[in-house]
Amino acid sequence: MSDDEDQSVQMEGTHRGKEKAKRKRPPMKKRSAIWNHFTLLEDNPNKCMCNYCGKQYQCHSRLDGITNMTRHIKTCESYKTFRAQQSGSQQNLTSEGGEENASNLVLGKGWSQDACRRAVTKMIIMGELPLSFVDNKGFRHFCSVAIPQFVMPSRRTIGRDVMELFLEEKAMLKSLICNNKQRVSLTTDLWTSVQNMSYMVITAHFIDSDWCLNRRIISFSAIEDHRGKSIGKKIVACLQDWGIERLFAITVDNATANDSAVGYVTMQLLSWRNDDALVLAGQYMHVRCCAHILNLIVVSGLGELHASVTAIRNAVKYVRSSSMRLRTFKQCAEQVNCPKGIVVLDCPTRWNSTYLMLMTALKFQAAFDRMAEVDKPYEAFFAEKENNVRRVGPPGPDDWENAERIVKFLKVFYDATLLFSASLSVTSNLCYDTIGLIESSLTALQESTDPWVSSMAYSMREKFDKYWESTGKINKMLIIASILDPRAKMDFAKHIFEIIFCNNSLMVEQMTKAVKDLLNEFYDAYSAFSASSTPSMYGESGLSGSYGGTSSSQRFTTEANLVDVAGGEYDDAFQVSRPFLGYARKVSVQNESRRVVSEVERYLKDPVEDPNNLKLNVLLWWRVNGSRYPILEKIARDVLAVPVSTVASESAFSTGRRIIDEYRSSLTPAMVEALICTENWLQSKLFANPVYNLQEDIKEQIFHMELQEELIRSQASTVEAVSADIGVMDV
């Protein structure tokens with residue numbers, strides 16, 4: 001064999017050896033997402049090049065890593081330009097049809113890894129899903145099919161994204177409140193989680209410049225104890241964290257600790273030396289939760305429920321105890337033509353659930369009577385003993401008659417609870433009217449010939465007088481809120497006084513004068529706030545041209561320089577004229593006070609809006625007519641934003657129970673606050689859509705109104721049919 005042939009064989013063997021080595025160790029697949037932006041060089045696999053700017057980097061897997069490439073892509077200007085172009089480009093084609101179009105329209109939508117990742121973060125927050133949801137195999141499979149290019153982040157990355165989104169949303173909301181120098185009202189409450197940790201929620205309520213009512217959770221943090229001072233410190237710390245310098249009211253329940261908490265907050269805010277931190281030194285800042293007070297009133301009267309309620313509860317309990325019994329009940333309901341639906345079992349400790357149970361059971365009275373005839377186990381059920389006492393029931397005609405009276409009795413309180421508990425609409429303007437309705441109802445029920453109803457009404461009246469006796473113990477700011485309703489004004493307040501005081505003219509005049517004086521006090525306070533926040537009338541810009549083109553500051557300085565002043569400095573010379581400036585400010589305040597009083601009188605004397613227009617949007621009215629009453633407009637903005645119940649804060653605990661349960665109890669307090677607050681803020685953005693079509697909104701409202709009226713008519717016809725069978729009972 002020649003040398004050339006021998007060398008050829010050696011090279012062939014070497015080549016085969018290399019191929020064998022390659023087969024043994026195949027190159028590892030690039031798994032990092034950074035390789036979507038870099039390409040390996042053909043002549044040097046240990047170097048790569050940026051796909052956008054062409055810059056080269058070392059990328060040896062063991063010596064260099066990808067840190068340098070990651071840093072580069074964050075600052076690459078060419079990549080940023082590419083991203084900006086891609087955001088407006090047509091990468092993905094989707095079909096979108098409309099009712100007015102005969103065929104679907106093809107629209108182009110851009111795609112972004114960061115946008116998809118942010119959308120996943122929002123989905124986790126708004127869906128109250130665990131952070132580990134991104135590791136779910138089914139969800140990952142769906143994303144791999146729907147968005148193949150999307151790289152799913154890990155649960156730890158999602159956790160960091162949640163905190164980043166929380167801080168971004170907080171900064172935007174904080175700038176909204178601080179830039180507008182918004183005066184806010186607060187609600188707060190406490191809750192103990194399954195972690196055996198106490199949490200305190202603080203919700204801010206305010207009306208923005210567009211006259212939209214806003215409700216935002218601004219704190220959901222752990223608290224060490226339930227003492228009043230601890231609660232007060234949390235509130236003050238929250239105000240400082242958010243940069244809130246002006247507070248109007250705090251709505252809390254009737255716990256004793258809350259009294260000391262509000263007192264602590266008042267003392268701290270007065271020490272801030274901010275003249276407009278509180279209105280009237282916080283005299284009317286403490287608002288007691290009306291829903292909580294109403295619950296105490298009703299519970300005090302329902303201490304011992306009528307035996308008829310127990311009989312109906314046992315009948316409902318029998319029906320709901322098994323699927324076979326429920327099926328038999330439905331068959332009986334069909335036989336006697338009862339309306340569709342099902343009976344509900346109440347919680348004995350909650351009177352509103354008892355009301356709903358009785359109201360639904362009355363619709364199925366004929367079905368229960370039918371069951372007593374055809375279902376033998378139904379009769380046997382009531383023959384059994386419960387706690388060594390024969391079970392009460394089955395309900396008879398007298399029991400159904402008593403149930404109907406109880407439903408009529410409780411309906412006023414149930415409707416009032418719903419009104420107090422509304423958190424997405426203004427409630428302060430209707431609060432005083434509802435309290436007056438409750439007092440009138442109790443007065444009428446006390447005169448009932450039924451001893452049980454009369455006794456229950458007297459028990460309720462004692463609790464009512466403890467908190468709302470003859471409007472003397474009511475926070476009079478709620479009366480001001482009713483006056484700021486353009487359908488009511490002072491005539492309505494006087495009308496309520498006449499009902500409460502039984503036309504005692506002396507008491508009516510005293511209360512009317514007291515409320516009107518309070519309204520004027522509010523005016524004086526807000527006038528002073530406006531004067532202090534407005535630039536001085538003798539400021540530099542306001543003085544030029546006041547004296548025939550000559551600056552008045554020069555005139556004052558010239559005159560002052562005629563006096564021998566030590567130092568001869570401009571500021572020292574200007575100090576000589578300061579007594580005149582003080583006099584000018586005094587006159588300005590007096591003139592403003594006279595204008596304010598006339599503004600109050602003008603508002604009260606202007607014709608009221610139609611009181612029969614129960615659907616009047618009070619906020620919209622003030623948005624349109626507020627310019628006629630500039631100071632009153634500011635008062636209305638703060639007073640109408642006051643919530644009369646703590647339901648807005650208590651609803652956060654329902655979210656907390658879903659986020660922190662026995663399977664998800666390892667979340668830190670910081671993560672819990674981020675999840676709950678961000679969910680509230682994102683949901684609020686959905687309700688407050690900036691793209692607002694007034695005409696479409698009106699059409700939508702008319703449609704829902706017609707739908708609601710049709711539902712009411714159908715319910716009324718059902719009630720009339722049932723009443724025809726059971727008769728109409730007198731209260």
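Predicted model: local features only at pLDDT ≥ 70, side-chain atom pairs only at ≥ 80, totals over all residues.
Reader: Which strands stand at the edges of the open sheet of five strands?

Author: The pairing in this sheet is mixed, and the order of its strands is β8-β7-β6-β9-β10. The twist averages 25° from one strand to the next. A strand at the edge has a single partner strand, so one side of it is left without a neighbour in the sheet, and this holds for β8 (213–222) and β10.

Reader: Which residue in β7 stands opposite T187?

Author: Strands β6 and β7, the latter covering residues 198–207, pair in the antiparallel sense over eight bridges. In β7, the residue that stands opposite T187 is T203.

Reader: Which residue in β9 is the bridge partner of L186?

Author: Strand β6, with residues 184–192, runs parallel to β9 and is joined to it by four bridges. In β9, the bridge partner of L186 is I250.

Reader: Which residue in β10 is the bridge partner of V252?

Author: Strand β10, with residues 286–288, is joined to β9 by three bridges, and these two strands run parallel. In β10, the bridge partner of V252 is R288.

Reader: How many of the six residues of strand β9 are buried?

Author: A residue counts as buried when its relative accessible area is under 20%. Strand β9, made of residues 247–252, is largely enclosed by the rest of the structure, because the number of its six residues that are buried is six.

Reader: Are the axes of α7 and α8 parallel or oblique to each other?

Author: The axes of helix α7 (residues 228–242) and helix α8 (residues 256–270) come within 7 Å and cross at roughly 40°. Angles under 35 degrees would count as roughly parallel, and those from 65 to 115 as roughly perpendicular. The two helices, whose crossing is right-handed, are therefore oblique.

Reader: How do the residues of the contact of α7 with α8 divide into nonpolar, polar and charged?

Author: On the α7 side the contact includes I231, I235 and L239, and among the residues they and their neighbours in the contact meet in α8 are A261, Y264 and L269. The residues of this contact divide into nine nonpolar, five polar and two charged.

Reader: Is Q446 buried or exposed?

Author: Q446 is found in helix α16, which covers residues 428–446. Leaving aside residues up to four places away in sequence, Q446 touches S454, A457, Y458 and R461. Because its relative accessible area is 15% and the cut-off is under 20%, Q446 is buried.

Conventions
Residues numbered from 1 in each chain as written. Heavy atoms only, no water. Buried < 20%, exposed > 50% of the residue type's maximum accessible area, 1.4 Å probe, protein only. Contact = heavy atoms within 4.5 Å. Pairing = 2+ DSSP bridges. Axes fitted to C-alpha atoms, helices over the stretch in contact; angles between N-to-C directions. Parallel < 35°, antiparallel > 145°, perpendicular 65-115°, else oblique. Left-handed = near helix turned anticlockwise from the far one by under 90°. Nonpolar A, V, L, I, M, F, W, Y, C, P; charged D, E, K, R; others polar.
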